[in-house]
Amino acid sequence: MDAPIPLARPLLGEAEERAVLEVLRSGQLSLGPRVSEFERRFAARVGAPLACAVSSGTAGLHLALRAVGVGEGDEVLTSPFSFVASANAALYERARPVFADIDPVTLNLDPAAAAAAVGERTRALLPVHIFGYPADMPAFERLAQAHGLAIVEDACEALGAVHADGTAVGGRGHPAVFGFYANKQLTTGEGGMITLADAALKEHIDSERNQGRAPNMGWLDHDRLGFNYRLSDIACALGIAQLARLDEMLAARARVAGLYRQALAGVASSPEGEGLQLPCADRAGDRRGWFVFVVQLPHGVDRDETVRALAAEGIHSKPYLPAIHLMSFYRERFAHREGEFPVCEDVAARSLALPFFPQMTEGQVARVCDSLRARLPGA
Ligand SMILES: Cc1ncc(COP(=O)(O)O)c(C=O)c1O
């Protein structure tokens, strides 16, 4: 059998090795100079005034929601088609994640559905730039303005994405949270970053990530409740090195997406069609930051059987993403049931993430597509 094709694989080289070694040799492994350097460089990259490095995207979402004032009894309006962390972050503060359905083409939270779900307890909007495609932030900003809501963006999957007005995802001023897990566009192994514009919010977040200690406070005193959500200097050094080659890595991902599009052109249908659906093309000036290549199988094709068939040929794929409201914890806690968000449920039932990483070769893409094509009707 041909060599297995993994789902994801980071692109790391000598620059990363050198950067990490330098920190190891310096002896200052945490709370050192790499943290603020990574923050400065990352903020500049997305055009945000400020940034806070944190230990994960999840930690970033938690701190960002706390910073904008989400607390017990509040509702946070978000997408059911996301990684579970975006909804869980509200639960950490005893707030309730309230879902609204998604747009069938972009797969992002539908602003009209979100508007219909705003209620008296809604405190914040938490749009997710799913699969790196920019959420309709101008619409959410209008909604937030009309109802006095805070915004926290889940940009964990969206480094490199750009809105139609030219602002990078993460550069609009309200807190936006990026994730650096090993499958992301940029990785620090585990890690995250909150970009934002408000210096007081940054001070609050910096303190809460470090056990509630104010910037110039002595070792023994803490003036608020905090967490250990710090990112180490080792991780930040890796992040700085990855940031330096971000354009190269994003271009490589876009190249692989182009290869997939070409190879599947003959079997793909339009975004609203009945056949195999590919990730939507960039629309109206919005630009995706390529993270994953997720297709939706035609109705009637058994997704889980497809995963097994690809695996038998050494090709790793994954159902991605399951609907959050139908996960057992969410069903039990909130009595969610099938039928609440039909677009999300239909998309989630058919979604399949194919192998996708910067170093992927034309031959590997061809192998995946041959194998996938063989599972489709008419093959
Ligand atoms: C949409 C989304 N939100 C949140 C997260 C959580 O990020 P992390 O795994 O870094 O905690 C992820 C990443 O896995 C994600 O894809």
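## Exercises: a pocket and a ligand

The largest pocket has a lining of 32 residues, with Tyr181, Asn183, Lys184, Phe291 and Tyr320 nearest its centre. A pocket here is an open set of points on a 1 Å grid over the protein atoms alone, where a 1.4 Å probe fits, with protein on both sides within 12 Å along at least five of seven lines; lining residues have an atom within 4 Å of a point.

This is a predicted model, in which local features need pLDDT of at least 70, side-chain atom pairs count only at pLDDT 80 or more, and totals for chains, interfaces and linings use all residues. Residues are numbered from 1 along each chain as its sequence is written, and side-chain values use heavy atoms, leaving out hydrogens and water.

**Exercise 1.** Find which helix supplies the largest share of the lining of the largest pocket.

*Solution.* Start with the elements that each supply at least two lining residues: helix 3 (57–67), helix 4 (85–92) and strand 11. Helices (H or I, at least four residues) and strands (E, at least two) are DSSP runs, numbered from the N terminus.

**Exercise 2.** Work out how the ligand is held by polar side-chain atoms of Thr58 and Asp154.

*Solution.* Then look at the atoms: a polar side-chain atom of Thr58 is 2.4 Å from a ligand oxygen atom, and one of Asp154 is 2.7 Å from a ligand nitrogen atom.

Definitions and conventions
Polar contact = N/O pair within 3.5 Å; in protein donor to acceptor, adjacent residues only side chain to side chain.
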